[in-house]
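Hello,

Here is the structure we talked about.

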Amino acid sequence: MKLREIAINVYYEPHIYGINESNYDSRKEYLKHCQEYYRNNIFIYDSTLGMQTRNIASFFSRSYFKNFKDMQFPFQKVIISCCKDEANSGKITVFEGIAEVKVLYDYSVFIGKSNEQKKRDSLDIIMKGLKVISENYKTDMRPFEEIKTMIVSADYQNNWVWKTKWNPGRKYKAIVEVEHKVDNADINLKIEDKKGNTIFNKKLITAKPDEWDYAFFLGNMRWQSSKEFVLMDKKNNIVGKWSCE
């Protein structure tokens, strides 16, 4: 299989928080308390970590697949689960094309860090998880290191072009760009003339910082005429347009 996606989440360990099955009269009661504690205390860390690491996880996933799509693994998605118990660190489970690898990381402090530090932590978590994968499956770490270098060289800025399209006559070029940040993602429309001069640049949509959310707005782009361009979502609603008239 080709590795297509990397994601980060929290590995919930009830015993870390003093919740041990031996202290309960039944397993049902134990599981109920586990669920309640997660909902009231851990969910905020899990949802924040998962969402605010997407900009780097998405950046890494897209860059890796683009540059090393011929490499094969027995899975196509890696979930890197952050744990606090060292006994769990380095464990891998694979099920139906998804590999979960656990790495040590104190996810409770992530929420209070700056956006720049969140990006650096995200990349560190990814590299720790991929090192475990590489050692377990005896694969070369150099491709992963190359992608890390690319991300650092780009100053951790996950800005990319979705599509470009010339108008009839090739006088204007429409460019739909995505700025995938920690807190949100902006979809922008830029129009250039044939000399490369920007004549129009506008933010169209601000979405959640998750490509599975903002991908809805990237449905179709077309020139209605040589002077009018539209971007449509996946339900064919107009997201943005430009006209030189």
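**Aromatic rings and cysteines**

Phe 216 is partly exposed, because its relative accessible area of 31% falls between the 20% and 50% limits. Please keep in mind that this is a predicted model.

The ring of Phe 216 pairs with that of Phe 217: the centres are 5.3 Å apart and the planes stand at 80°, so the pair is edge-to-face. Trp 223 and Phe 229 also form an edge-to-face pair, because their planes are at 65°, with 5.4 Å between the ring centres. Both Trp 223 and Phe 229 are buried.

In total, the structure has 15 aromatic pairs. Some of the rings join up through such pairs into a cluster, made of Tyr 64, Phe 68, Phe 73, Phe 75, Tyr 137 and Phe 144.

Two lysines sit over tyrosine rings. Lys 102 has its charged end over the ring of Tyr 11, at 4.8 Å from the centre. Lys 84 lies over the face of Tyr 107, and here the distance to the ring centre is 4.9 Å.

Now the cysteines. How many disulfides does the structure hold? The count is zero. Cys 83, for one, is in no disulfide. The nearest cysteine sulfur to it belongs to Cys 82 and is 7.7 Å away, whereas a disulfide needs the two sulfur atoms within 2.5 Å.

Is Cys 83 buried or exposed? Cys 83 counts as buried, because its relative accessibility is 1%. Cys 244 is partly exposed, with a relative accessible area of 32%.

Regards

Terms used: Residues numbered from 1 in each chain as written. Predicted model: local features only at pLDDT ≥ 70, side-chain atom pairs only at ≥ 80, totals over all residues. Heavy atoms only, no water. Buried < 20%, exposed > 50% of the residue type's maximum accessible area, 1.4 Å probe, protein only. Phe/Tyr/Trp six-rings, centres within 6.5 Å; stacked < 30°, edge-to-face > 60°. Lys NZ or Arg CZ within 6 Å of the ring centre and 35° of its normal.
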